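Open your viewer and get ready to select residues by number. This tour goes stop by stop.

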Amino acid sequence: MTLTFRACMVRHTPDGFSIGIEPLTIDDLPPGDILIQVAYAAINYKDALACSPTGRVAQASPLVPGLELTGTIVESSDPRFPVGSAVLAGDFGRTMGIARHGGFSEYARVPSEWIFPLPSTLGFKGACLLSAMMGAALALRQLEEHGLTPERGPVLVTGATGGVGSMAVRLLARRGYTVAASTGKPSEQGLLQYLGASEILSREEVSAPSQRPLESERWAGSIDTVGGSTLAYLMRTTKKGGAIASIGVAGGAVFQATVYPLILRGIQVLGIDCPSCPQDLRWQLWQELLAIPDLLPSEAALTSEVALEDIPTVTAAMLNGQTKGRTLVRLAQHSE
Ligand SMILES: NC(=O)c1ccc[n+]([C@@H]2O[C@H](COP(=O)([O-])OP(=O)(O)OC[C@H]3O[C@@H](n4cnc5c(N)ncnc54)[C@H](OP(=O)(O)O)[C@@H]3O)[C@@H](O)[C@H]2O)c1
């Protein structure tokens, strides 16, 4: 008997755009040596774009979106990853859920290079949070390679209640940094303080336009998930010799700035491109994160669960900046 299962399918055709639940069989899945029964798939901002008619990130049609997933291996031809193992899978947004079927599906097939086995201490939801932290960890590594240390001064995280932003706040705080957080959600101040932020700024303050090329020096570094006018603010307010890790575009792509912060304060704007991160560096980041004691925040505070049917609603809310932490699509019943 052929196994039939459900997946969220996005189609771009000459007749228009559609998104909905469709039945698939194992033969519909892309190649790979590992078949996974998916427990949870995290919804990233790039997934929200893939689920939008105007998002322009999907490189295939039809496409099951879903950049990353957690679940249990049900078929494997790689002895390193036996059947029954709990794993995280994804390629950091390069092809999975973009150019080939991804995690918004009850079953997914992937190459074994994309597999991260979960230690017994890490559940499926925790793994989704740790995965969001990998982007933050890559940004922090680049900032530190450019001289950032806790002694240099406070670090600002923008879009701080988002998936990457919230995990960046937590990681920086656990690594001994003084962390400031900017948010468009004043009601989430308590959450940001719980994650480790000691100062909260409003979205208005960090995105207000200004004609001044330089303002008071405040930040030794920053992790910017927002872009647009917020990136311009960061350029004006970064301390001499400081650095900005530009990782996201949730607030817009276009910004207006001058060269003065670059040539009068020597600041660095570092582009963070997770999909280009080599696999061995991903492994290293993963191992480093696993080794930090008490790193992950409360799952209840930072994750919410939805069903496959909810994906269009949740991804639209995400593009409007209305979600917080990581929203997880629940695919299979499991005990955790
Ligand atoms: N470069 C890379 O390789 C890479 C890797 C991962 C993610 N990213 C990017 O990083 C960004 C965040 O990803 P994510 O998955 O964490 O998304 P997310 O969970 O939706 O978080 C984005 C956060 O940005 C803030 N925001 C939303 N709309 C905004 C607006 N119009 N103006 C200002 N702030 C706004 C909100 O936080 P507040 O309400 O707290 O302000 C929101 O929660 C996305 O642009 C994503 O594409 C890039």
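**Stop 1: the ligand**

Select Arg326: an N or O atom in its side chain is 3.2 Å from an oxygen atom of the ligand. Now pick Lys185, where a polar side-chain atom lies 2.8 Å from a ligand oxygen atom. Next comes Thr161, with a side-chain N or O atom 2.8 Å from an oxygen atom of the ligand. Such a polar contact is a pair of N or O atoms within 3.5 Å. The protein buries 87% of the 920 Å² that the ligand exposes when taken alone (Shrake-Rupley method, 1.4 Å probe).

This is a predicted model: local features need pLDDT of at least 70, side-chain atom pairs count only at pLDDT 80 or more, and totals for chains, interfaces and linings use all residues. Residues are numbered from 1 along each chain as its sequence is written, and side-chain values use heavy atoms, with hydrogens and water left out.

**Stop 2: the shell**

Show the 27 residues around the ligand (a heavy atom within 4 Å). Thr161, Val164, Thr183, Ile272 and Cys274 come nearest. The shell has 11 nonpolar, 12 polar and four charged residues; Gly counts as polar here.

**Stop 3: the second largest pocket**

How much space lies in the second largest pocket? About 270 Å³. Its lining has 17 residues, and Ser210, Ala232, Arg236, Gln256 and Ala257 are the closest to its centre (lining residues have an atom within 4 Å of a pocket point; the grid is 1 Å, the probe 1.4 Å, and a pocket is an open set with protein on both sides within 12 Å along at least five of seven lines). Colour helix 6, residues 228-237: this helix gives the most to the lining, five residues (a helix is a DSSP run, H or I, of at least four residues).

Terms used
A polar contact is a pair of N or O atoms within 3.5 Å; within protein, one must be able to donate a hydrogen and the other to accept it, and residues adjacent in sequence count only if both atoms are side-chain atoms. Grid points are joined across faces, edges and corners, and a volume is the space filled by probe spheres set on the points. Helices (H or I, at least four residues) and strands (E, at least two) are DSSP runs, numbered from the N terminus.
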